[in-house]
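Please look over the sequence and the structure below. A short briefing on selected local features follows.

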Amino acid sequence: MRINPFLVFFFWMCPSSCAFGLLPTTTTWHRTPLSLLQMSPKEDDTLNDSSFMESLRSRMEEVTDKETILPLVVLDSMLPRQVLKISVQNPLLVKLVQTLLSQERGPYFGMMGLAKLVTGEMVHLKTGVEVEVVHYQPSQEEEGRMELELKAGRRFRIIGGDVQTAEGGWTEARVEFLQDDNDDKSSLSSRTKAQEFQDLIPAWIQLAREKERQDNQIDNLLNDLGEYPSSSSPSEQAFWVGALINPIPAMGVALEIRPQLLTAKTVEERVDVALEGIRRSIAHMDGSQTLF
């Protein structure tokens with residue numbers, strides 16, 4: 001897949017007062033006076049202080065894991081587990097990847113897509129996925145071009161209007177990583193509906209093998225997606241199905257449902273979107289109701 005050199009990056013206007021504050025690596029902690037803590041023995045003071053700091057570090061790690069600042073690129077509405085292989089020559093993207101590869105935190109950035117409204121207007125999504133650069137290779141044929149392989153992982157949403165231009169020239173934003181905490185408490189309706197995937201997935205795969213645009217496309221796709229999620233995670237099942245019927249590269253056998261899945265608010269809504277998508281794709285491929 002070759003990307004136009006003028007690949008659009010996600011740039012948002014940010015007020016001059018907009019700024020990010022990162023916690024310094026060395027931080028001075030101010031201890032509450034002993035009299036206020038009502039501790040008398042010195043040994044208890046040390047013990048409780050140690051316990052307090054350990055608890056505080058644990059909470060900081062949780063916050064850091066949930067929220068972070070990510071560079072953002074607008075290219076495709078990827079879903080968790082999807083793999084994108086691209087050849088690019090955009091100087092800013094090349095610079096971003098080279099910078100990320102040199103950092104200890106790892107080569108990760110945010111991937112976002114566009115959604116088409118019923119009015120026909122295209123809008124930027126505020127939700128996306130964190131992608132990892134799993135392969136990077138400078139082109140041997142053309143200077144300034146590179147081959148990238150990206151693997152989609154955690155979902156995120158941009159927090160408020162916290163978006164700014166980084167020193168390197170790309171856009172970055174504070175994001176919150178999304179967790180399906182409700183999956184374990186999801187309604188019986190969601191779990192019951194998701195059970196239908198068990199019959200629909202094999203039917204889709206059988207039909208799709210006859211529509212492959214590349215050799216072994218379905219086998220490679222299934223290898224990228226990995227094991228189908230358990231019944232305890234209907235949201236993950238819905239994302240898995242979405243990644244299946246809207247593969248990269250596209251097969252042209254289903255409507256695009258990835259933006260809908262990324263913006264869905266509830267477990268049941270995600271399951272409904274994926275169910276409708278795979279049913280209509282099957283109907284399209286077997287000829288009972290074509291989509292295009």
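At what angle do helix α5 and helix α7 pack, and how far apart are their axes? In this predicted model, helix α5 (residues 197–208) and helix α7 (residues 234–245) pack at an angle of about 15 degrees, and their axes are 12 Å apart. Angles under 35 degrees count as roughly parallel, and α5 and α7 are therefore roughly parallel to each other.

**The α5 and α7 pair**

- The crossing of α5 and α7 is left-handed.
- From α5, the residues Phe197, Ile201 and Trp204 take part, and they meet Gln237, Ala238, Trp240, Val241, Leu244 and Ile245 in α7.
- Sorted by class, this contact of α5 with α7 has 8 nonpolar residues, 1 polar residue and no charged residues.

**Arg81**

- Arg81 sits in the loop between β1 (67–74) and β2 (83–88).
- Its relative accessibility is 19%, so Arg81 counts as buried, the cut-off being under 20%.
- The Arg81 side chain makes a polar contact with the side chain of Glu236, at 3.1 Å.
- Leaving aside residues up to four places away in sequence, Arg81 touches Lys151, Ala152, Asp224, Leu225, Pro229, Glu236 and Trp240.
- Although Arg81 is not a glycine, it has a positive phi of about 85 degrees.

**Other backbone features**

- Asn216 is in the loop between α5 and α6 (217–225).
- Asn216, a residue other than glycine, has a positive phi near 60 degrees.
- With a relative accessible area of 46%, Asn216 is partly exposed.
- Between Ile248 and Pro249 the peptide bond is cis, with omega near 0 degrees.
- Pro249 belongs to the loop between α7 and α8 (258–263).

Definitions and conventions
Residues numbered from 1 in each chain as written. Predicted model: local features only at pLDDT ≥ 70, side-chain atom pairs only at ≥ 80, totals over all residues. Heavy atoms only, no water. Axes fitted to C-alpha atoms, helices over the stretch in contact; angles between N-to-C directions. Helix = DSSP H or I, 4+ residues; strand = E, 2+ residues; numbered from the N terminus. Parallel < 35°, antiparallel > 145°, perpendicular 65-115°, else oblique. Left-handed = near helix turned anticlockwise from the far one by under 90°. Contact = heavy atoms within 4.5 Å. Nonpolar A, V, L, I, M, F, W, Y, C, P; charged D, E, K, R; others polar. Buried < 20%, exposed > 50% of the residue type's maximum accessible area, 1.4 Å probe, protein only. Polar contact = N/O pair within 3.5 Å; in protein donor to acceptor, adjacent residues only side chain to side chain.
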